[in-house]
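Please read it alongside the sequence and the coordinates.

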Amino acid sequence: MQGKRILLGISGGIAAYKIAYLIRILKKQGAEVRAIMTPASSDFISPLVVSTLSENPVHMEFWNKKTGEWANHVELALWADVFIIAPTTANTLAKMASGICDNLLLATYFSMKGKTIIAPAMDLDMYQHPTVKRNMETLLSDGVSIIPATEGALASGLEGQGRMEEPENIAAYIQDFFQVKKTADSKRILITAGPTYEAIDPVRFIGNHSSGKMGYELATACLAAGNDVILISGPTALELTHPNLQLIKVQTAQQMLVAVQEHWKSCELGIFSAAVADYRPENVATQKIKKQAEEHTLHLVKNPDILTWASQHRNEQQKVVGFALETNNAKEYALDKLTRKNLDFIVLNEFVKDVSGFQAETNKITIFDKDKNAIEFPLKSKKEVAKDVLSVVLKN
Ligand code: C5P
């Protein structure tokens, strides 16, 4: 951390008192620290403590009424190697997600070109609130990294998720951010993962049993190898957080396509592991469909093929990798997709109930390159399979 310039944003939650420890750790590790506090945060930690420990003046207002000095948010944002907002309250989170810019901390956030990391802290029910979850997803899509709140005793007396991550772990996260080795070979990789849910009415959908594990393991392996990842994920129970990850959560195939269309141009490799629903209901009922007739017919229309779109809209440097999950005539179907979708590689995943495929912890794969050469792998954990896939597609 020697010489790293860390801009610290403090918003007004009880966890703010722990920021004194965070500043101590960062300073001990050799970082330069400057702090911006929201006016409400000074109820929880004194600006004097923050400025004494950071050895820098604390910024709270756009201009200092005593000295008349202007706190330049653009200059602060340009100065910082990273902006860490800890604690991030529900209020600050909501303003960041919706573009409200009514204090210096927010103005600086909107001026940041580099990475912003947030460490939310709030009460149990607030953390679970759909609005808060939605705002966090928006920020993830905007490229902000989130250090999730941890579980335990909360200031309200409740027990559950909502505690700001401990200062030493926040410092370790920041250290990871700086340590990720960017080599000349580092790439920007787009990965699709999970199922898609195609709405029938407000409470029902057509989906599949994909857990998203394979795609998330691929993302983890790509990140560990020093790459930047844009993970576009259908609904899953999985979470992943990393400074070099942009996680975009979608529900439907059409939304997944829009996200891919937005980001594909900036990536050098696309790994399409999502189990996209082939069809969607033509019309989505606005009210819950009532049980009436003995039979009910749903008219389905074909979904866009996202992988084919990416393959058709690529330059010579961009590689595309598809997945094929097959129950019969596996090799034949996989090779057909390789040619029809014009792929660089196809990863054939043979479906064996509870052993390989959806929901399973393991997969048995064969990778075919564009000349139809096969590399066969034994049954392995999805983590190992992810490493195998990368070793082949990144080498060639
Ligand atoms: O044609 P099929 O669905 O079997 O092809 C599987 C491959 O195509 C996977 O890589 C999957 O992610 C991708 N795919 C897609 N969009 C679709 C259907 C499949 O990207 N609508």
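Gln246 has its place in strand S13 (residues 245-249), where strands (E, at least two residues) and helices (H or I, at least four) are DSSP runs numbered from the N terminus. Gln246 is buried, with a relative accessible area of 14%; buried means under 20% relative accessible area, exposed over 50%, and partly exposed in between, with a 1.4 Å probe and protein chains only. Not counting residues up to four places away in sequence, Gln246 touches Leu140, Ser141, Asp142, Gly143, Arg188, Val229, Ile230, Leu231 and His263, contact being defined as heavy atoms within 4.5 Å.

The model is predicted, so local features need pLDDT of at least 70 and side-chain atom pairs count only at pLDDT 80 or more, whereas totals for chains, interfaces and linings use all residues. Residues are numbered from 1 along each chain as its sequence is written, and side-chain values use heavy atoms, with hydrogens and water left out.

| Residue | Element | Relative accessible area |
|---|---|---|
| Ser233 | strand S12 (residues 228-233) | 0% |
| Val321 | strand S17 (residues 319-326) | 0% |
| Leu104 | helix H5 (residues 104-111) | 1% |

With residues up to four places away in sequence left out, Ser233 touches Ala193, Tyr216, Leu247, Ile248, Lys249, Val250 and Met256.

Which residues touch the most other members of the largest nonpolar core? They are Ile191, Leu231 and Ile271, in a core of 58 residues, a nonpolar core being a set of buried Ala, Val, Leu, Ile, Met, Phe, Trp, Tyr and Cys residues joined through side-chain atoms within 4.5 Å. Helix H9 (residues 213-224) gives the most to this core, with seven residues, and the core draws at least three residues from each of domain 1 and domain 2. Apart from it lies another core, of 30 residues, among them Ala20, Ala31, Tyr173 and Ile174. Beyond its neighbours within four places in sequence, Leu231 is in contact with residues including Ile191, Ala193, Gly215, Tyr216 and Gln246.

The domain assignment of the protein chain gives domain 1 (5-179) and domain 2 (188-285 + 292-393), with bounds that come from an automatic or database assignment. The C-alpha centres of the two domains lie 35 Å apart, and 11 residues of domain 1 are in contact with nine residues of domain 2.

Among the polar contacts (pairs of N or O atoms within 3.5 Å), a backbone N or O atom of Phe272 lies 2.5 Å from an oxygen atom of the ligand. A backbone N or O atom of Pro304 lies 2.7 Å from a ligand nitrogen atom, and a polar backbone atom of Ile306 is 3.0 Å from a nitrogen atom of the ligand. Taken alone, the ligand exposes 440 Å², of which the protein buries 86%, with accessible areas from the Shrake-Rupley method and a 1.4 Å probe.

How values were computed
A polar contact is a pair of N or O atoms within 3.5 Å; within protein, one must be able to donate a hydrogen and the other to accept it, and residues adjacent in sequence count only if both atoms are side-chain atoms.
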